[in-house]
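Trainee: Could we go through this model together, starting with its ligand site?
Mentor: Gladly; have a look first.

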Amino acid sequence: MLKKPGAIIFDLDGVLTDTSEYHYQAWKHLADDEGIPFTHEENDEHLRGVSRRESLMYIIRGRQYSEDQIQEMMDRKNRYYHDLISHMSPNDLLPGGRALLQEIRDAGIKVAIGSGSKNCRMVLDLLQITDLLDGIADGNSVVNGKPAPDLFVYAAGLVNIPVAVCLGVEDADAGIEAIKSAGMQALAIGPQERFHRADKILPTLANKHLQDLLD
Ligand code: B16
Ligand code: MG
């Protein structure tokens, strides 16, 4: 049982929407361009919640590229990603997502986003949920990405709630690590074996109510 929080900070990719498949397809396109082997399993195990640069570093590990080439590859992957997400709509929001965010607000709890993605605001606008949010911390907000606690601490500051009474919700083990390092309660979404430090694990957030998150 989790204690009632003053704020709930949601990760975006893999929690409120399933953009992780689009990230995979965009990285796969880039890896194919470069003739580098890259699998779905590697994506799930190593890139979930990890920043754009660190994701690329994993994919090209052991190969020599200049900083200019690295920048160009990150830009290229992002163009592939933009093409894939351009058709997203409110239908791509987690089922019951809008009702859940509204219910949390109605209970007097702040709602914030803690996403490592630099595309976060674009995706939030496509999902049409920006109006339900009290604060947005994204890949442009802090220097150190997950598993560093910075993004979640920054999100707590945006909504003016002490970290000790915040609840973070994540689909990545790196994200759960970030939430626990920030001194928050952590709710993990996904299979039990993926997580090490979560306070509670739910297989999915689809059609859940506030009480389901806390019980
Ligand atoms: P971008 P989250 C993360 O978002 C994704 O899980 C991860 O796959 C991605 O590489 C990272 O954002 C950076 O994304 O290239 O859009 O800046 O899960 O923290 O919402
Ligand atoms: Mg995620």
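The questions below cover the ligand site and then the domains.

Mentor: A word on conventions: this is a predicted model, where local features need pLDDT of at least 70, side-chain atom pairs count only at pLDDT 80 or more, and totals for chains, interfaces and linings use all residues. Residues are numbered from 1 along each chain as its sequence is written, chains are lettered from A and ligands numbered from 1 in the order in which they are written, and side-chain values use heavy atoms, without hydrogens and water.

Trainee: How many residues surround ligand 1?
Mentor: Count those with a heavy atom within 4 Å of the ligand. Ser115, Gly116, Ser117, Lys118 and Asn119 are the closest. The total is 16.

Trainee: Which side chain has a polar atom 2.6 Å from an oxygen atom of ligand 1?
Mentor: Look for polar contacts, meaning pairs of N or O atoms within 3.5 Å. Asn119 has a side-chain N or O atom 2.7 Å from a ligand 1 oxygen, and Lys146 has one at 2.7 Å from a ligand 1 oxygen too. The 2.6 Å distance belongs to Ser117.

Trainee: Why does ligand 1 lie between domain 1 and domain 2?
Mentor: The bounds, from an automatic or database domain assignment, are 7-18 + 92-214 for domain 1 and 20-85 for domain 2. Ligand 1 lies between them because its shell takes residues from both domain 1 and domain 2.

Conventions: A polar contact is a pair of N or O atoms within 3.5 Å; within protein, one must be able to donate a hydrogen and the other to accept it, and residues adjacent in sequence count only if both atoms are side-chain atoms.
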